[in-house]
Amino acid sequence: MEISTAPAFTGGHLPRDDALRNDHEAVAASWSNAQARATPIWRSRNLLEMDPEREHARLVWLPTSHPIFKGPAETPILVGQVDATCHFSVDISAREDLSPQASDPADSRYPIDAGAFGHGSLDASHRFIDLRSAMCLLESFDAEAAAVSRALSSWHRSHGFCSACGKPSTPAAAGWQRRCASCQRIHFPRTDPVVIMLVTRGNSLLIGRSPQWPQRMYSLLAGYMEPGETIERAVRRESCEEAGVHVGRVRYLASQPWPFPASLMIGCWGEALTSEITVDPAELADARWISREELVLVFDGQSGAISPPRPGSIAQFLMLQWLSGHV
């Protein structure tokens, strides 16, 4: 079985030029440069191009003079600078002139992925789609840039007012800050830490299904960390709260930025001390133990009860690590 080397969004080495972000005049000049490139975001969808076989995808970068940026748009965000060429993202969600495009039938496991939209000024192969549907198909730079673009655009849309005084705030530092003109408070993008647990007991793995998910969609247990909590404590608390399973030893394995909208998935292994499951119905619709042999059938698409995990997700990565004996 092929083993993923890393989850999606984790290997791009995006150049993050903090000094340039804070030089307003240089950023403005960079946007006007004929070599500059920008990728648009429309209502949380990235502009992507997939090959006909859906084996590869790329994030679409356009000249900043492209007509798509001439309509209603938010302040450009400086994503990074590569070989002296500045790359931006621009939220164009205010545009009303995009149209639905024919697309492949949506996978019933992931209804959120449905929907593709185009615009008359764009190539017919360029479509605004949900990043989750193609995250494992993007090259590392495009994947990280797409994640940054989506996360920052979501943050700006939901943080238009100062949390200190309630007055409107405005983008600053090339999109990496918001500043309040009233009280001078500076706000920075937030990231919410989430533990996701590979909880095992002998030859069995604990998986669960959220009440909002389709019937066959299962994954590893996960939950947001609470203030004043260590990663290890969060793994134990979430496993017990959601499934009634007590966990002893905990070890960190890997992490993944998850820009839906702004999480950091912290992947851990946990050794279960108990096997009885007591589901919290507010958290899970179902939880169960699955053996390695059963999980192989899941990955091969031969399980009638459980769908394969989402490609590119840290859940898939951790499960494969366990199947391979690396964990």
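Predicted model: local features only at pLDDT ≥ 70, side-chain atom pairs only at ≥ 80, totals over all residues.
**Entry 1**

I found three strands forming an open sheet, ordered β10-β11-β12, with antiparallel pairing. Which strands stand at the edges? They are β10 (169-172) and β12 (186-187); each has a single partner strand, so one side of each is left without a neighbour in the sheet.

I then checked how β10 meets strand β11 (residues 177-180), and four bridges join the two. For a handy landmark, I noted that Thr170 stands opposite Arg179 in β11.

I moved on to strand β2 (residues 45-50). Is β2 largely enclosed or open? Five of its six residues are buried, so β2 is largely enclosed by the rest of the structure.

I went through the pairings of β2 one at a time:

- Strand β1 (residues 37-42) is joined to β2 by two bridges and runs antiparallel to it. I found Trp42 with Arg45 in β2 as its bridge partner.
- Strand β3 (residues 57-59) is joined to β2 by three bridges, again antiparallel. Here the bridge partner of Leu48 is Leu59 in β3.
- Strand β9 (residues 127-129) pairs with β2 over three bridges in the antiparallel sense. Asn46 stands opposite Ile129 in β9.

A reminder to myself: strands of a sheet pair through backbone hydrogen bonds, either parallel or antiparallel.

The hairpin of β2 and β3 has six residues between its strands. In that turn, Arg54 has a positive phi of about 60°.

**Entry 1: the nonpolar cores**

Last, I turned to packing. Which residues touch the most other members of the largest nonpolar core? Out of 50 residues, I got Phe9, Leu205, Ile207, Leu220 and Leu295. Helix α6 (residues 314-323) gives this core its largest share, eight residues.

Leaving out residues up to four places away in sequence, I found Ile207 touching, among others, Tyr218, Leu220, Leu221, Ile290, Ile306 and Met319. The list for Ile207 also has Asp286 and Arg288 in it.

Definitions and conventions. Residues numbered from 1 in each chain as written. Heavy atoms only, no water. Core = buried A, V, L, I, M, F, W, Y, C linked by side-chain atoms within 4.5 Å. Buried < 20%, exposed > 50% of the residue type's maximum accessible area, 1.4 Å probe, protein only. Contact = heavy atoms within 4.5 Å. Pairing = 2+ DSSP bridges.
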